[in-house]
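Q: Could you walk me through this structure, one feature at a time?

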Amino acid sequence: MAKIESTQIRQVSNLALLEEMERKYKSIPIEAIVKQDILRQGIHFLPESFLNQGDYKAKDYFIFSFDHTPLSELGGGADTKAPEEIRIQGGHFDLKPTVISTRNNPNSPYQMRSVEGIPTLFLQDISMGVAAYPPKPAWYRHTTKNGKLPGEIAPVIEWGYLIYLTVFRNCQYFGKEEECAYCDINHNYRQQKGAGRPYTGVKDTDDILEVLSWIDAEDEIAKVYTITGGSVLTNLKKKSEVDFYLQYPQAIEEKFPKRWMGKLVAQAFEKEDCQKFKDAGIQIYHPNYEVWDRELFKKICPGKEAWIGYDTWIRRVVDSAEVFGPENVIPNFVGGVELSEPWGFKTVAEAIHSTSEGLDFFMSKGIVPRFTAWCPEPYTTLGTQAGPPLEYFCELLTSWKSIFEKYNLPTPPGYGEPGPGKAVFSVSAFMDVIGYKGRA
Ligand code: SF4
């Protein structure tokens, strides 16, 4: 693996780069390679690509912005019309249907154009495939008694599979001294409010239950819900962090027992607190460790380091497997943030070595970490920067898959079907590589 300095040119996406990666990384499907490249570069939607597409689901900004550009600077209608995800297929690589989260970037080499009325994704002038936008669920037509819109209270992502409940849209880790350096949750809240959009800071269980009642009655696609939001350090609405987050699964499972699989994305809690969530009906726990390297964790997650600390965090992740079962503990890390400026590793090789060590540590215990591809968002501590080369993501997927196969682990539950052409997890390609047999 070469030094990043010598691979700067590989930051630029073009057909030659994709073909080089396809030749070099044969254990992962081309769909995963293209998906990671689109995720790292974002998409520039031309206004024509929004025309005559029917009632598709636009970005609900379900937690972070996941855009390379501030909302106020997104031109051409992308601020309100960009779809939540795209599903591309065909094109130069004859891709199987591949679901990819939208990250707006007017400077991206990936352009969504319209060809005879059909949105088509281009890399320079090469077609990467025709695109579909996710259908807007029929129940999005309702409004709650409190006047809230379903897409604000309980949006769906992953092509309708996951109901995403960000119940607290801020984080009490606040400012550069405490916020995770890649995270724009607080900034995104401000920019959504600044744009005059309805964007509820703390969600009411009644609103959520009302929207879920429509989903229960009308929807067969959603299979999972996620409860998440920012960290609570003191209290919120007079509740501790555990009690605040606990009220949601308790209310949901009481009204709709086991109707969907319940997931929790939250801080790493002690076992007794994990047990409360398990008792409430939560099946999958995501105590995200974000970055494996101890020194980088301190720099990149300063609030988590100060309030909980790296060793305690990792210990709690491992302990939580005794409550949920190891296959149901799926901690996330932010893929690529270990290469960020100014603190990150200077080479892809060092980054992969460190991150793979963490993967082996957890997977040897039956815990399967997943990752989201880091999006360098403008208002974060790390700010806008080039991000890792595609080579990093190819190495990461190759390493993730090989360690996953070494321990003969089951497909992580709550993500739908794995494999190219089937995966719906849209913010990284980890589900796209599972079960792929490789190519000669
Ligand atoms: S804990 Fe970190 S990643 Fe999570 S919401 Fe707060 S700042 Fe963002």
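The dialogue below goes from the sheet to the helices, the loops and the ligand.

Q: What kind of model is this, and how are residues numbered?
A: This is a predicted model: local features need pLDDT of at least 70, side-chain atom pairs count only at pLDDT 80 or more, and totals for chains, interfaces and linings use all residues. Residues are numbered from 1 along each chain as its sequence is written.

Q: How are strands and helices named, and when do two strands pair?
A: Both are DSSP runs numbered from the N terminus: helices are H or I with at least four residues, strands are E with at least two. Two strands pair if DSSP finds at least two bridges between them.

Q: What is the strand order in the open sheet?
A: The order is β7-β8-β9-β10-β11, five strands with mixed pairing. The edge strands are β7 (156–157) and β11 (282–286), and each pairs on one side only.

Q: How do β7 and β8 pair?
A: They pair in the antiparallel sense over two bridges. Ile157 has Leu162 in β8 as its bridge partner. The two strands form a hairpin, with four residues between them. Glu158 sits in that turn and has a positive phi of about 55 degrees.

Q: In which sense do β8 and β9 run?
A: Strand β9 (residues 224–229) runs parallel to β8, and six bridges join them. Tyr164 has Thr226 in β9 as its bridge partner.

Q: And how many bridges link β10 and β11?
A: Four bridges, in the parallel sense; β10 covers residues 261–265. The bridge partner of Leu264 is Tyr285 in β11.

Q: Where do side chains point in a strand?
A: In a regular strand they alternate between the two faces of the sheet.

Q: How is burial judged, and how many residues of β8 are buried?
A: A residue is buried if 20 or more other C-beta atoms lie within 10 Å of its own, exposed if 12 or fewer, and partly exposed in between; C-beta atoms are placed from the backbone. Six of the seven residues of β8 (residues 162–168) are buried, so this strand is largely enclosed by the rest of the structure.

Q: What describes two packed helices?
A: The angle between their axes and the distance between the axes. Axes are lines fitted to C-alpha atoms, for helices over the stretch in contact, and angles run from 0 to 180 degrees between N-to-C directions. Angles under 35 degrees count as roughly parallel, over 145 as roughly antiparallel, 65 to 115 as roughly perpendicular and the rest as oblique.

Q: At what angle do α1 and α2 pack?
A: Helix α1 (residues 15–24) and helix α2 (residues 30–41) pack at about 140 degrees, with their axes 10 Å apart. That makes α1 oblique to α2.

Q: At what angle do α12 and α13 cross?
A: Roughly 25 degrees, with the axes of α12 (residues 348–363) and α13 (residues 390–406) coming within 10 Å. The two helices are therefore roughly parallel to each other.

Q: Which residues does the cis peptide bond join?
A: Glu341 and Pro342, with omega of about 5 degrees. Pro342 is in the loop between β12 (332–335) and α12.

Q: Is Tyr182 buried or exposed?
A: Tyr182 counts as buried, with 23 C-beta neighbours inside 10 Å. Tyr182 is found in the loop between β8 and α5 (185–194). The C-alpha atoms of Tyr182 and Thr380 are 5.6 Å apart, yet 198 residues separate them along the chain.

Q: Which residues are around the ligand?
A: Cys171, Tyr173, Glu179, Cys180, Cys183, Ile185, Gly230 and Ser231. A residue is near a molecule if its C-beta atom, placed from the backbone, lies within 6 Å of it.

Q: How does that shell divide by class?
A: Into five nonpolar, two polar and one charged residues. Ala, Val, Leu, Ile, Met, Phe, Trp, Tyr, Cys and Pro count as nonpolar, Asp, Glu, Lys and Arg as charged, and the others, Gly among them, as polar.
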